[in-house]
Amino acid sequence: MESMTFRELTDAMVALYTERKYAEALQLVEQNADQFPEQSARTTFWKMCLLSLCGRPDDVLFVFQEGLDSGLWWAKIQFVDPDLDAVRDLPEFKRLVEVSQEKYEEARTHIERDQVILLPDEPASGMYPLLIALHGRNGNKETNLEFWEVARQRGWLVVSPQSTQPLFSGSYCWDDPKIGMADLLFYHGQVSKQYQIDPQRVIIAGFSQGSGMAIYTVLSRKISARGFIGIGTFIAEPDSLLPLAGEAQSVRGYFITGGKDHTLDKAQAIQRILKENNIQFGEEVHPDLGHEFPTDFERSFEKAIDFIFTEQE
């Protein structure tokens, strides 16, 4: 079988999952998971979910125990996934969840802040425009990084910070915005010490939950940013933005949304809040796009920058 990248494996698995072809998705993962040992926590969890959906509870327990024995762990919140309903009430499954949570609690005490910086050519002015790009839930500093290369090529210094809120090995989230804010203030402070940043050209962007965190941060004004770019925007509680939106009329945002995105209602709820508070934003809608970046993101990025930095008539 031809080798594939992890993104290709993910896309192929999700496509089969969406079509409810769980047995085929499971076979695909089992045949290719060993190629990506750094993703073992993720692929092991996929196996557990797909085995559950295939009605194989004993095999779920075996794979779970095997994963724990190999040093893997997952936060307890991961196991609320409805794909695991077939095993949720089994005493042994509950026991393994508690073992996993204990390992998670231990691991989280050793989490350190980390980031990737994409450095462009030095600008003539010596001042870099700054784009802080936030990964989505279950992501990390490397996730979606290839899409932000377009910003670096256009002269932006790109910082891809990693949240300090782990879900499993190599996977992080922005579930607690207060912790997320503390992280972002640290990363922003560090890059401001290392490089001369143009304070008039700072943007915070993100994908999915990272987009929600970006909007939360921009509206808070704790980091002075001109605006935000949101792709597949998600925030669990859009109303959490209400206390912030009333004082943020000077910022501008840009949404890239998909007509087939299962989180579209959250983006629309955020947009309603922004409208009610006279915060300007643009939007481009891709009717056939799911919860993902558009293939022509380079064009989308240019449109977003133009909108954010074009003064109102």
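User: Which angles count as roughly parallel, roughly antiparallel, roughly perpendicular or oblique?

Analyst: Angles under 35 degrees count as roughly parallel, over 145 as roughly antiparallel, 65 to 115 as roughly perpendicular, and the rest as oblique. Axes are lines fitted to C-alpha atoms, for helices over the stretch in contact, and angles run from 0 to 180 degrees between N-to-C directions. Helices (H or I, at least four residues) and strands (E, at least two) are DSSP runs, numbered from the N terminus. This is a predicted model, in which local features need pLDDT of at least 70, side-chain atom pairs count only at pLDDT 80 or more, and totals for chains, interfaces and linings use all residues. Residues are numbered from 1 along each chain as its sequence is written, and side-chain values use heavy atoms, with hydrogens and water left out.

User: At what angle do the axes of helix 3 and helix 4 cross?

Analyst: The axes of helix 3 (residues 40-53) and helix 4 (residues 57-69) cross at roughly 170° and come within 8 Å. Helix 3 and helix 4 are therefore roughly antiparallel to each other. The crossing of helix 3 over helix 4 is left-handed; a crossing has this hand if the near helix is turned anticlockwise from the far one by less than a right angle, and is right-handed if clockwise.

User: Which residues of helix 3 and helix 4 meet?

Analyst: Contact means heavy atoms within 4.5 Å. From helix 3, T44, K47, M48, L51 and S52 meet D59, V60, V63, F64 and G67 of helix 4.

User: How do helix 1 and helix 3 pack?

Analyst: Helix 1 (residues 6-18) packs with helix 3 at an angle of about 15°, the axes being 13 Å apart. That makes helix 1 roughly parallel to helix 3. Helix 1 contributes F6, L9, T10, M13 and Y17 to the contact, and helix 3 contributes R42, T43, W46, L50 and L53.

User: Is strand 2 to be read as buried or exposed?

Analyst: Buried means under 20% relative accessible area, exposed over 50%, and partly exposed in between (1.4 Å probe, protein chains only). Seven of the seven residues of strand 2 (residues 128-134) are buried, so strand 2 is largely enclosed by the rest of the structure. Y128, L130, I132 and L134 point one way, whereas P129, L131 and A133 point the other way.

User: In which sense does strand 2 pair with strand 6 and with strand 3?

Analyst: Two strands pair if DSSP finds at least two bridges between them. Strand 2 pairs in the parallel sense with strand 6 (residues 197-207) over six bridges, and L131 has I203 as its bridge partner there. With strand 3 (residues 157-162), strand 2 also pairs in the parallel sense, over three bridges, and I132 stands opposite V159.
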